[in-house]
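Visitor: Hello! I am new to protein structures and would like to learn how to read one. Could we go through one together?

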Amino acid sequence: MNAQKIENPIVVSNQLVAGGGAFFAAVFGLLYGMTQNIPLIGVIGGMALGAVAAFAIVKIAKSRRISQFGMVALGLIVGYLQARISGAIIGAIFGWVFTWFVFWLATGKYRRRLPSYATPGQVLWHHTFVVICWAIFIFLITPIIVVMPLSFNAENFFTFTPAMLNFDPAGYSLKHYEDFFTNSDWQGAIKNSFAIAPVATLLSVSLGTLAAIGLSQPFVPFRRAIMAILISPMIMPLIISAAGMYFFYSRVGLQGTYLGVVLAHAALGIPFVIITVTATLVGFDHSLTRASASLGANPVKTFFRVQMPLILPGVIAGGLFAFITSFDEVVVVLFVGSAGQKTLPWQMFTGLREQISPTILAVATILVVLSILMLTTLEMLRRRSERLRGISPG
Amino acid sequence: MSDSTNNGPVLAADGTPLKRSLRRSLRLQKFRALLLIAPLLAFILITFIAPIADMLFRSVENKIVEETLPQTIALIDAGGPIETIVPNQKVFSALYVDMFVAAENKEHTRLGTRLNYEQSGISSLFRKSGRRVARLDVEVYKKQFEEVDPQWADVATWQSLAESANSAELLPRAMWAYNAWRDYVRADGDNPDKEAPEDFIYVALYDDLIALDDVTSANDLIRKSADAAPDFETVNFKEAFVKFDKDWASENVWKTLRTYSTPYTEGYFLNAIDFQKDFDGYSLRPDNQRIYGVLFMRTLFMSLVITACAVLLGYPIAWLMANRPMREANLLMIMVLLPFWTSLLVRTSAWKVMLQQQGVINDTLVWLNLVDEAGRLVLINNQFGTIVAMTHILLPFMVLPLYSVMRTIPESYTRAAKSLGATNWTAFWRVYFPQSVPGIGAGSILVFILSIGYYITPEIVGGTTGTFISNRIAYHISSSLNWGLAAALGTILLAVVLLLYWVYDRIVGIDNVKLGG
């Protein structure tokens, strides 16, 4: 750390350090002032204090680690005096970020990505742009993050209670999780989901892999038309698929049956299998199958011993996509299924539309965790597949 | 190889000409490929394409009127346009027979519901009439036929008539009525051979005999009855029906019935574009009944807004990711992929939590004293809510294609532009941006296609003003049960999507769809 500090000496003027600190603290001061209905005082106070603090930590303390420690401690204490635990947390975060920001400015790191000839205006625009991008990322991620703490709400509200904001243990409880694991509606729904999704996945993966191998042969008549038909369930608006399936399946007696829902979900999952498996097969070296055949293996053996292990990551990824499609699907099951096939998303949908119960948030949190696991698996599969094909992972 | 002559065809190892041998092997390869594809193709055709075709079919199908009131419709159609709108006694007599059978089979309410979509009030008219038809006393016909010949009371006479070759030609309606009677008696679990024929069959018999002008091929029984029939005492069915409900004398009911008597109709489609099919032709619906035009326009408009928002938000972050080192870009990518992988219902419920009046955004605004407690913003159950939530949900579909295109744009191009004196803006606008247009095109079409067919999110956060055409389709399928109209709306939506799909295929290619990672 010390060595790094020497490599990053203070390179900018005192005015810039103080100005940066003043700016950062002013923004915070404005927000704080607004909550107290004194925005102007907040801005001015923030500016003054920020300038002084920035100057002090850069010129007097000099070490980033010491100043960061000091500022976090200061933030903790002031915050706690203002608004107990939540205040302390905000204060500490502010102290840490403030110090980081001041040193980032003072050591000239802020120009790291920019050419040395960039004008101050360009520097400012660059950072504004990055801030805008981060705002968009926050827009993407916030709704998902917000759901998690709310699912531990002790009240039956969809909103943060004062007790939660003060980190009062009484404000938190696991009762919504308990409800999820004991309520027969939810348990039935999760059973149905796990009864439908794997079977639908199996169906779409087995048929889809076979067809993808066929499609990746060098000569396939009507390849484009066939591809268009096979991909169509993905592009078709779900409401149209649902309407058509509802009409047709009720005509042939599949509406409201388990089989009907499985078939419908398998059809919806197939495009994902086709896309991922054909993508994997693009990099497949066909001389391997010829080599295998020349060594006396029959086509079935060649498939299972040579081709399958190589395209397995693609197949698994396609299967995951198909599983998620079925597991997450609500429109089609709403129409094609009956009460006996009520899946998890369906139960959530009714929950959102009719009885607003925070149990939904508990379910949502569980599903978010599941999707994080899924994402990790896919990333690992991708890396493995690239390693197998001799491309180093990025 | 050395012993093949120079002027003969090149031969393969087994002696066949090489050309033919190659062609055969190519054919075999094609056949094998198709064989591998065939099971899936069949599966998709049955489970997915057939339902879509069925939907298209339902949007024009209208057999119910003709199937429920066959005799009446046949008579009206035979009369053609010269027939008076409220028909004569004969048609009402046929209507009685049709209605009696329909009421026994409980089909008259279904028909009433069907016609009620076109003119309100018909449903109750049919329900009421069906009830009363069963109670109408028409025994007088049966009695008079028995007086002519007691054989008529015997079901065996009828059975032998039904089995004889020319009776369907001579007595079409009586035979139809007799067969319909047998069918519903059997459906009730009774044996029709042991029951006495019901009175309404004799009404049909009377109508047939009155209309019969050539009796030479008929047997004695029919000839005798046909001679006696004109002097029969009859029931005035027109009067009876008008007494059930005076609407039967109204021209509007008969106009509707005649307009929708064809087995296929364009009526549902006209309905779906705010037109109506009248007796005299097509016309625009009255102002207060026009909803679909507005709904289609709103769906298109909101989809465009959502697409534009997705471009505005997606472009900067795709650019940032494309211009950072791979490792950093992958970390940023997780922030895009996490929402992409999270259940749709989770994201929708998250937006409900965020946007509602006691929700996170309003709470924050109140906490910052930007709005006061009473002035909490209405962010949900309107168009704003739908646009925000759907932009969030569809944003990954914009970022992923944009990113994959931007990754391929070499940085040196913009550097070269700058070295030639371009400002940052010119370098971006004239050099970088044009190269990223394919990504924008691909992402926009994808987002647009996905958003015009969206159902779940508008249903939950859209309230009444933020809903899409798909919500209306769902309403017609599950609540109003007007399947034909739902199918017509769906077909129009399908046409729009297919058009866009075709454009997408032209620009991007269907097999170039990328799925994250």
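**Reading helices, contacts and domains**

Guide: Let us begin with a pair of helices: α16(A) and α17(B) cross in a right-handed way. Keep in mind that this is a predicted model.

Visitor: At what angle do helix α16 of chain A and helix α17 of chain B pack?

Guide: An angle tells you how two helices are turned relative to one another. Helix α16 (residues 359-388) of chain A and helix α17 (residues 326-341) of chain B pack at about 125°, and their axes are 9 Å apart. With that angle, α16(A) is therefore oblique to α17(B).

Visitor: Which residues make the contact between α16(A) and α17(B)?

Guide: From α16(A) come S371(A), I372(A), M374(A) and L375(A), while α17(B) brings L337(B), L338(B) and W341(B). In the contact of α16(A) with α17(B), six residues are nonpolar, one is polar and none is charged.

Visitor: How many residues does each chain bring to the contact of chain A with chain B?

Guide: Chain B brings 80 residues and chain A brings 85 residues. On the side of chain B that touches chain A, helix α1 (residues 18-58) of chain B gives the most, with 21 residues. By class, that side of chain B has 56 nonpolar, 17 polar and seven charged residues.

Visitor: Now a pair within one chain, please. At roughly what angle do the axes of helix α4 and helix α10 of chain B cross?

Guide: You can read this pair just as before. The axes of helix α4 (residues 89-104) of chain B and helix α10 (residues 172-187) of chain B cross at roughly 15° and come within 10 Å. Angles under 35 degrees count as roughly parallel, so α4(B) is roughly parallel to α10(B). The crossing of α4(B) and α10(B) is left-handed.

Visitor: Which residues of α4(B) and α10(B) make their contact?

Guide: A94(B), V97(B), V101(B) and E104(B) belong to α4(B), and R173(B), A177(B), A180(B) and Y184(B) belong to α10(B). By class, the contact of α4(B) with α10(B) has six nonpolar residues, no polar ones and two charged ones.

Visitor: Into which domains is each chain divided?

Guide: Domains let you talk about a chain in parts. Chain B is divided into domain 1 (15-58), domain 2 (68-264) and domain 3 (294-512). Chain A is divided into domain 1 (2-112) and domain 2 (183-357). In chain B, the C-alpha centres of domain 1 and domain 2 lie 53 Å apart. In chain A, the C-alpha centres of domain 1 and domain 2 lie 53 Å apart.

Visitor: Where in chain B does UniProt place "domain: ABC transmembrane type-1"?

Guide: The unreviewed UniProt entry places it at residues 296-504 of chain B. That span is 78% helix and 0% strand, and its end C-alpha atoms lie 21 Å apart.

Note on methods: Residues are numbered from 1 along each chain as its sequence is written. Chains are lettered from A and ligands numbered from 1 in the order in which they are written. This is a predicted model: local features need pLDDT of at least 70, side-chain atom pairs count only at pLDDT 80 or more; totals for chains, interfaces and linings use all residues. Two residues are in contact if their C-beta atoms, placed from the backbone, lie within 7 Å. Helices (H or I, at least four residues) and strands (E, at least two) are DSSP runs, numbered from the N terminus. Ala, Val, Leu, Ile, Met, Phe, Trp, Tyr, Cys and Pro count as nonpolar, Asp, Glu, Lys and Arg as charged, and the others, Gly among them, as polar. UniProt positions are given in the numbering used here, feature names are shortened, and annotations may be inferred rather than shown by experiment. Axes are lines fitted to C-alpha atoms, for helices over the stretch in contact, and angles run from 0 to 180 degrees between N-to-C directions. Angles under 35 degrees count as roughly parallel, over 145 as roughly antiparallel, 65 to 115 as roughly perpendicular and the rest as oblique. A crossing is left-handed if the near helix is turned anticlockwise from the far one by less than a right angle, and right-handed if clockwise. Domain bounds come from an automatic or database domain assignment.
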